[in-house]
Amino acid sequence: MLPVTSMPWQQAWQAALYGPGGLYRQPAGPAGHFATSTQGAPGLGPVLAGALVRWMREEGLTTFVDVGCGRGELLAHVHALDPAMRCIGLDVVPRPEDLPGPVEWLEAPGGPDLPASLGGLEDALVVANEWLDVVPCPVAEVDVAGVLREVLVDPSDGSEGLGQELQGPDLHWCQRFWPPADASPGDRVEVGRARDEAWEALLGRLVSGIAVAVDYGHVRGARPAAGTLTGFRAGHHVVPVPDGSCDITAHVAMDSLPHDELVDQRSALRRLGVDGSRRPGYELARADPTAYLRALGEASAAAALTARGGLGDFLWAVTRVRR
Ligand SMILES: C[S@@+](CC[C@H](N)C(=O)[O-])C[C@H]1O[C@@H](n2cnc3c(N)ncnc32)[C@H](O)[C@@H]1O
């Protein structure tokens, strides 16, 4: 018997992260639980921001929008590098007090939903770094009869059971993008339709420019049979219990998102001038030790952002929107 409190993962996950007292509404913010390209080791954010600012200049873009921006870490770096760029951040908390004055802020409902006031974005670069992996989605599992059923969870302790057979648009999404490999009992699917629709809705707010979803993910042919749903608390992997005490995340099926180009972060950043294999020469150390130390810091940030088996394997789904 399943406890009466069990509910579909998507519903429990949404409440745990974005409901009253949800994880992302708490003071620690994302940086209190895990490191990302924007707020991880010192120096990563400025190097990433530098690449994005160069890209915006090359493309003639004048507005930078960061969706799911945490506490505005990347926005602050972009603003510092080019105060003339209009910067807009979106997250589920009120505007952090320490953000530079000109940086604009929109409070969002959380998960797949965007604020109504976001729209008409022209000549904008819209970046969503690790947003879609925290957009809750249904979790399904193959039962002993080979049928894909929705997984239910008890929010009080994370215990699971199987619910109804997956049907309708979610089942169609699985058949198209993630048919369980050999339908062995226990194989799982994180149904990415909710992420696709959230991304499509964001693209609909862009009149002209470029939108980039950056996330850890997978593509058809390399889906993880056991699924990827997991929890993070204070820097550690934990069992995902949807009670607001930990982050809950699942990798993104990046190839099902509407996109023009899918490229790994290593290649994307290399194109934007971030080369993780370069080191400053010793002649610089002799001529200008301060400049050498700065260059060394930038080189190690570039190496971390493009590392194999690390941030460099993240995928960028890039969409261009033209008037
Ligand atoms: C995994 S964190 C990534 C934070 C930041 N982008 C970074 O790279 O460190 C995801 C963030 O997305 C935010 N978020 C989730 N749904 C959102 C939505 N619909 N609109 C705006 N922010 C959202 C969460 O509150 C959280 O701060």
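This is a predicted model: local features need pLDDT of at least 70, side-chain atom pairs count only at pLDDT 80 or more; totals for chains, interfaces and linings use all residues.
Thr36 places a polar side-chain atom 2.7 Å from an oxygen atom of the ligand. Gly68 instead uses its backbone, with an N or O atom 2.6 Å from a ligand nitrogen atom. Asp113 likewise has a backbone N or O atom 2.7 Å from a nitrogen atom of the ligand. Taken alone, the ligand exposes 600 Å², and the protein buries 99% of that area.

A separate part of the picture is the packing of two helices. Such a pair is described by the angle between the axes and the distance between them. Helix H2 spans residues 44–59 and helix H8 spans residues 289–305; they pack at about 80 degrees, with axes 9 Å apart. Angles of 65 to 115 degrees count as roughly perpendicular, and H2 and H8 are therefore roughly perpendicular to each other.

On the H2 side, the contact involves Leu44, Val47 and Leu48. These meet Glu298, Ala301, Ala302, Ala304 and Leu305 in H8. By class, the contact has seven nonpolar residues, one charged residue and no polar ones.

Methods
Residues are numbered from 1 along each chain as its sequence is written. Side-chain values use heavy atoms; hydrogens and water are left out. Axes are lines fitted to C-alpha atoms, for helices over the stretch in contact, and angles run from 0 to 180 degrees between N-to-C directions. Helices (H or I, at least four residues) and strands (E, at least two) are DSSP runs, numbered from the N terminus. Angles under 35 degrees count as roughly parallel, over 145 as roughly antiparallel, 65 to 115 as roughly perpendicular and the rest as oblique. Contact means heavy atoms within 4.5 Å. Ala, Val, Leu, Ile, Met, Phe, Trp, Tyr, Cys and Pro count as nonpolar, Asp, Glu, Lys and Arg as charged, and the others, Gly among them, as polar. A polar contact is a pair of N or O atoms within 3.5 Å; within protein, one must be able to donate a hydrogen and the other to accept it, and residues adjacent in sequence count only if both atoms are side-chain atoms. Accessible areas come from the Shrake-Rupley method with a 1.4 Å probe; for residues, only the protein chains shown count as cover.
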